[in-house]
Amino acid sequence: LAILKNINFKIFEGDKILITGKSGIGKSTLFKSLLNELPLIKGKILVDNQLNKSNFLSNFGIVGQDTYIFAESLRFNLTLGKDIPSSQLIKVLKKVKLEYLANKKHLDTPIGEKGLSLSGGEKRKVEIARALLNKKEFLLVDEGLSGLDDDSRKQVFSLLQSLPQTIIEIEHTMSIEDKQKFNQVVNLVAK
Ligand SMILES: Nc1ncnc2c1ncn2[C@@H]1O[C@H](COP(=O)(O)OP(=O)(O)OP(=O)(O)O)[C@@H](O)[C@H]1O
Ligand SMILES: [Mg+2]
(Lines give C-alpha, C1' and ligand atoms only; values in the text may rest on other atoms or scores of the structure.)
(Ligands and ions follow the chains in the order given, each with its own letter.)
Protein backbone atom coordinates (compact mmCIF):
# COMPACT_ATOMS: atom_id res chain seq x y z
CA LEU A 1 0.00 0.00 0.00
CA ALA A 2 1.42 3.33 -1.01
CA ILE A 3 1.49 6.07 1.62
CA LEU A 4 2.37 8.80 -0.86
CA LYS A 5 1.54 9.00 -4.56
CA ASN A 6 2.38 11.29 -7.44
CA ILE A 7 4.95 13.35 -5.64
CA ASN A 8 7.19 15.20 -8.03
CA PHE A 9 9.42 18.11 -7.23
CA LYS A 10 12.90 19.36 -7.90
CA ILE A 11 15.31 20.69 -5.36
CA PHE A 12 18.19 22.93 -6.35
CA GLU A 13 21.32 23.55 -4.35
CA GLY A 14 20.73 25.99 -1.52
CA ASP A 15 16.93 25.85 -1.85
CA LYS A 16 14.72 26.19 1.16
CA ILE A 17 11.72 23.91 0.63
CA LEU A 18 8.66 23.80 2.85
CA ILE A 19 6.58 20.63 3.07
CA THR A 20 3.07 21.04 4.46
CA GLY A 21 0.02 18.82 4.73
CA LYS A 22 -2.24 17.49 7.41
CA SER A 23 -1.20 15.06 10.10
CA GLY A 24 -0.73 11.53 8.82
CA ILE A 25 -0.55 12.55 5.15
CA GLY A 26 3.00 11.23 4.83
CA LYS A 27 5.42 14.12 5.38
CA SER A 28 7.77 12.23 7.69
CA THR A 29 7.43 9.24 5.37
CA LEU A 30 8.79 11.39 2.55
CA PHE A 31 11.91 12.02 4.66
CA LYS A 32 12.23 8.30 5.37
CA SER A 33 12.19 7.65 1.63
CA LEU A 34 14.85 10.28 1.07
CA LEU A 35 16.96 8.68 3.78
CA ASN A 36 16.44 5.27 2.22
CA GLU A 37 14.76 3.98 5.38
CA LEU A 38 11.67 3.08 3.37
CA PRO A 39 11.80 1.62 -0.13
CA LEU A 40 9.95 3.26 -3.00
CA ILE A 41 7.22 1.12 -4.55
CA LYS A 42 7.38 3.13 -7.73
CA GLY A 43 9.36 6.08 -8.93
CA LYS A 44 12.83 7.42 -8.41
CA ILE A 45 14.83 9.83 -6.39
CA LEU A 46 17.33 11.32 -8.78
CA VAL A 47 20.46 13.09 -7.64
CA ASP A 48 22.21 15.19 -10.24
CA ASN A 49 19.92 13.38 -12.65
CA GLN A 50 21.40 10.04 -11.74
CA LEU A 51 20.38 7.51 -9.15
CA ASN A 52 22.24 6.85 -5.91
CA LYS A 53 25.10 9.27 -5.99
CA SER A 54 27.44 7.34 -3.71
CA ASN A 55 27.80 9.76 -0.80
CA PHE A 56 24.28 11.17 -1.05
CA LEU A 57 22.93 9.73 2.20
CA SER A 58 25.83 10.85 4.35
CA ASN A 59 25.07 14.41 3.28
CA PHE A 60 21.89 14.70 5.33
CA GLY A 61 21.71 16.35 8.71
CA ILE A 62 18.54 15.91 10.70
CA VAL A 63 16.77 18.39 12.94
CA GLY A 64 13.66 16.91 14.41
CA GLN A 65 10.93 16.99 16.90
CA ASP A 66 12.32 13.88 18.56
CA THR A 67 15.72 15.42 18.96
CA TYR A 68 18.81 13.27 18.82
CA ILE A 69 20.45 14.56 21.97
CA PHE A 70 22.51 12.14 24.04
CA ALA A 71 23.18 12.14 27.79
CA GLU A 72 26.81 12.94 27.05
CA SER A 73 28.88 16.10 26.95
CA LEU A 74 27.92 18.99 24.72
CA ARG A 75 31.19 18.28 22.90
CA PHE A 76 30.09 14.71 22.12
CA ASN A 77 26.65 15.88 21.05
CA LEU A 78 28.28 18.19 18.53
CA THR A 79 31.04 15.91 17.24
CA LEU A 80 29.54 12.44 17.81
CA GLY A 81 33.05 11.38 18.73
CA LYS A 82 34.86 12.92 15.79
CA ASP A 83 38.08 14.73 16.59
CA ILE A 84 37.22 18.38 16.02
CA PRO A 85 39.16 21.21 17.73
CA SER A 86 37.37 23.15 20.48
CA SER A 87 37.94 26.40 18.62
CA GLN A 88 35.78 25.11 15.79
CA LEU A 89 33.07 23.96 18.19
CA ILE A 90 33.05 27.36 19.85
CA LYS A 91 32.77 29.07 16.48
CA VAL A 92 29.78 27.00 15.43
CA LEU A 93 28.02 27.46 18.80
CA LYS A 94 28.27 31.21 18.28
CA LYS A 95 26.91 30.84 14.80
CA VAL A 96 23.77 29.07 16.04
CA LYS A 97 23.24 31.72 18.72
CA LEU A 98 24.37 29.60 21.65
CA GLU A 99 27.17 32.03 22.58
CA TYR A 100 26.59 31.44 26.29
CA LEU A 101 27.57 27.77 25.85
CA ALA A 102 30.56 28.56 23.66
CA ASN A 103 33.34 27.88 26.16
CA LYS A 104 35.42 24.88 27.24
CA LYS A 105 33.63 24.45 30.55
CA HIS A 106 30.24 24.01 28.91
CA LEU A 107 31.66 21.86 26.13
CA ASP A 108 32.65 19.23 28.65
CA THR A 109 29.49 19.37 30.72
CA PRO A 110 27.13 16.45 30.19
CA ILE A 111 23.65 17.24 28.94
CA GLY A 112 20.70 16.06 30.97
CA GLU A 113 20.07 15.32 34.59
CA LYS A 114 22.68 16.85 36.87
CA GLY A 115 24.32 18.37 33.84
CA LEU A 116 23.48 21.05 31.40
CA SER A 117 19.76 21.25 30.82
CA LEU A 118 18.77 22.41 27.39
CA SER A 119 15.40 23.74 26.30
CA GLY A 120 13.68 22.45 23.17
CA GLY A 121 14.96 25.42 21.17
CA GLU A 122 18.50 24.94 22.42
CA LYS A 123 18.41 21.27 21.46
CA ARG A 124 17.36 22.16 17.91
CA LYS A 125 20.24 24.63 17.76
CA VAL A 126 22.67 21.93 18.92
CA GLU A 127 21.38 19.69 16.14
CA ILE A 128 21.83 22.44 13.58
CA ALA A 129 25.34 23.08 14.92
CA ARG A 130 26.14 19.36 14.60
CA ALA A 131 24.97 19.32 10.98
CA LEU A 132 27.10 22.37 10.19
CA LEU A 133 30.19 20.91 11.88
CA ASN A 134 29.82 17.68 10.01
CA LYS A 135 29.52 19.63 6.78
CA LYS A 136 26.13 18.26 5.87
CA GLU A 137 24.89 19.68 2.57
CA PHE A 138 21.21 19.01 3.25
CA LEU A 139 19.16 19.57 6.35
CA LEU A 140 15.95 17.65 6.85
CA VAL A 141 13.91 19.51 9.42
CA ASP A 142 10.87 17.63 10.70
CA GLU A 143 8.77 20.05 12.74
CA GLY A 144 11.87 21.77 13.99
CA LEU A 145 9.87 24.76 15.13
CA SER A 146 6.95 23.11 16.87
CA GLY A 147 6.81 23.38 20.62
CA LEU A 148 9.01 26.46 20.68
CA ASP A 149 7.92 29.80 22.07
CA ASP A 150 7.65 32.73 19.66
CA ASP A 151 11.15 34.04 20.31
CA SER A 152 12.98 30.72 19.94
CA ARG A 153 10.81 29.88 16.96
CA LYS A 154 11.83 33.10 15.24
CA GLN A 155 15.47 32.50 16.11
CA VAL A 156 15.59 28.92 14.83
CA PHE A 157 13.57 29.87 11.73
CA SER A 158 15.82 32.74 10.71
CA LEU A 159 18.91 30.69 11.53
CA LEU A 160 17.72 27.96 9.15
CA GLN A 161 16.81 30.49 6.46
CA SER A 162 20.23 32.12 6.72
CA LEU A 163 22.21 28.94 6.07
CA PRO A 164 23.71 28.21 2.65
CA GLN A 165 22.68 24.56 2.95
CA THR A 166 19.76 23.03 1.08
CA ILE A 167 16.94 22.73 3.57
CA ILE A 168 13.77 20.66 3.39
CA GLU A 169 11.52 21.65 6.22
CA ILE A 170 8.26 20.12 7.40
CA GLU A 171 6.12 22.50 9.43
CA HIS A 172 2.49 22.56 10.51
CA THR A 173 2.05 26.24 11.10
CA MET A 174 3.76 28.92 9.13
CA SER A 175 2.56 32.47 8.53
CA ILE A 176 1.92 33.53 4.92
CA GLU A 177 4.80 35.97 5.28
CA ASP A 178 7.21 33.22 6.39
CA LYS A 179 5.97 30.84 3.68
CA GLN A 180 7.09 33.37 1.09
CA LYS A 181 10.66 33.04 2.30
CA PHE A 182 10.88 29.51 0.86
CA ASN A 183 11.89 28.75 -2.72
CA GLN A 184 9.11 26.20 -2.93
CA VAL A 185 6.14 25.06 -0.86
CA VAL A 186 5.05 21.47 -1.43
CA ASN A 187 1.59 20.86 0.00
CA LEU A 188 0.74 17.17 0.29
CA VAL A 189 -2.96 16.42 -0.12
CA ALA A 190 -4.96 13.22 0.09
CA LYS A 191 -6.07 11.76 -3.23
N1 LIG B 1 6.99 2.15 7.97
C2 LIG B 1 5.69 2.30 7.79
N3 LIG B 1 4.92 1.29 7.32
C4 LIG B 1 3.60 1.45 7.14
N5 LIG B 1 2.95 2.60 7.40
C6 LIG B 1 3.64 3.64 7.84
C7 LIG B 1 5.05 3.57 8.06
N8 LIG B 1 5.47 4.77 8.51
C9 LIG B 1 4.37 5.56 8.56
N10 LIG B 1 3.28 4.90 8.16
C11 LIG B 1 1.92 5.44 8.02
O12 LIG B 1 1.96 6.42 7.02
C13 LIG B 1 1.08 7.50 7.29
C14 LIG B 1 1.85 8.80 7.21
O15 LIG B 1 2.70 8.94 8.33
P16 LIG B 1 3.72 10.14 8.50
O17 LIG B 1 4.44 9.91 9.77
O18 LIG B 1 4.53 10.28 7.26
O19 LIG B 1 2.72 11.37 8.61
P20 LIG B 1 3.04 12.91 8.80
O21 LIG B 1 2.47 13.62 7.61
O22 LIG B 1 4.47 13.10 9.09
O23 LIG B 1 2.14 13.27 10.06
P24 LIG B 1 2.42 14.25 11.30
O25 LIG B 1 2.12 15.62 10.78
O26 LIG B 1 1.41 13.82 12.32
O27 LIG B 1 3.83 14.06 11.75
C28 LIG B 1 0.48 7.21 8.65
O29 LIG B 1 -0.79 6.67 8.44
C30 LIG B 1 1.42 6.18 9.25
O31 LIG B 1 0.74 5.34 10.13
MG1 LIG C 1 5.53 13.66 10.82
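Just after helix 3, Lys97 takes a positive phi of about 65°. Most residues other than glycine have a negative phi. In this predicted model, a positive phi is also found at Asn36, about 70°, and at Lys135, about 50°.

**Helix 3**

- The buried residues of helix 3 (86–95) are Ser86, Leu89, Ile90, Val92 and Leu93. Because their arc around the axis is only 165°, these residues lie on the same side of helix 3.
- Ser87 and Lys91, on the other side of helix 3, are exposed.
- Helix 2 (74–79), helix 4 (104–107) and helix 5 are the elements against which the buried residues of helix 3 pack.

**Positive phi in loops**

- Asn36 is not a glycine, yet its phi is positive. This residue comes just after helix 1, in the loop that leads from helix 1 to strand 2.
- With a relative accessible area of 54%, Asn36 is exposed, since the cut-off for exposed residues is over 50%.
- Lys135 is likewise not a glycine and has a positive phi. Its place is in the loop between helix 5 (120–133) and strand 5 (138–142).
- Lys135 counts as exposed, at 62% relative accessibility.

**Helix 6**

- Helix 6 comprises 13 residues, 150–162. From its first C-alpha to its last, helix 6 reaches 18 Å, close to the 18 Å expected at 1.5 Å a residue.
- Ser152, Arg153, Val156, Phe157, Leu159 and Leu160 are buried in helix 6. They are on the same side of helix 6, because they cover an arc of only 160° around the axis.
- The face turned away from this buried side carries the exposed residues Asp150, Asp151, Lys154 and Ser162.
- The cover over the buried residues of helix 6 includes strand 1 (16–20), helix 3, helix 5, strand 5, strand 6 and helix 7 (176–179).
- Lys154, a residue of helix 6, has a relative accessibility of 58% and so counts as exposed. Between Lys154 and Asp178 there are 24 residues in sequence and 10.0 Å in space, C-alpha to C-alpha.

**Helix 1**

- Helix 1 is mostly covered, with six of its eight residues buried. The buried residues are Lys27, Thr29, Leu30, Phe31, Ser33 and Leu34.
- Strand 1, strand 4 (60–64), strand 5 and strand 6 are included in what covers the buried residues of helix 1.

- Glu127 lies in helix 5 and counts as buried, at 1% relative accessibility, because buried means under 20%.
- Apart from its neighbours within four places in sequence, Glu127 is in contact with Ile62, Val63, Gly64, Thr67, Tyr68 and Ile69.
- Glu127 and Glu171 stand 44 residues apart in sequence, and their C-alpha atoms are 17 Å apart in space.
- Lys125 also lies in helix 5 and is buried, with a relative accessible area of 6%.
- Residues up to four places away in sequence aside, Lys125 touches Val96, Lys97, Leu98, Gln155, Val156 and Leu159.
- Lys125 and Ile62 are 63 residues apart along the chain, and 11 Å separates their C-alpha atoms.

**The largest pocket**

- The largest pocket has a volume of about 1500 Å³. Its lining has 43 residues, of which Phe9, Leu34, Lys44, Ile45 and Leu46 are the closest to the centre of the pocket.
- Helix 1 (27–34), strand 2 (46–47) and strand 6 (166–170) are the elements that give two or more residues to this lining. The largest share, four residues, comes from helix 1.
- By class, 22 residues of the lining are nonpolar, 11 are polar and 10 are charged.
- Leu34, among the residues closest to the centre of the pocket, is also one of the buried residues of helix 1.

Definitions and conventions. Residues numbered from 1 in each chain as written. Chains lettered and ligands numbered in written order. Predicted model: local features only at pLDDT ≥ 70, side-chain atom pairs only at ≥ 80, totals over all residues. Heavy atoms only, no water. 1 Å grid on protein atoms, 1.4 Å probe; cavity = no way out; pocket = protein on both sides within 12 Å on 5 of 7 lines; lining within 4 Å. Points joined across faces, edges and corners; volume = space filled by probe spheres on them. Nonpolar A, V, L, I, M, F, W, Y, C, P; charged D, E, K, R; others polar. Buried < 20%, exposed > 50% of the residue type's maximum accessible area, 1.4 Å probe, protein only. Expected span 1.5 Å × (residues − 1). Arc of directions from axis to C-beta. Contact = heavy atoms within 4.5 Å.
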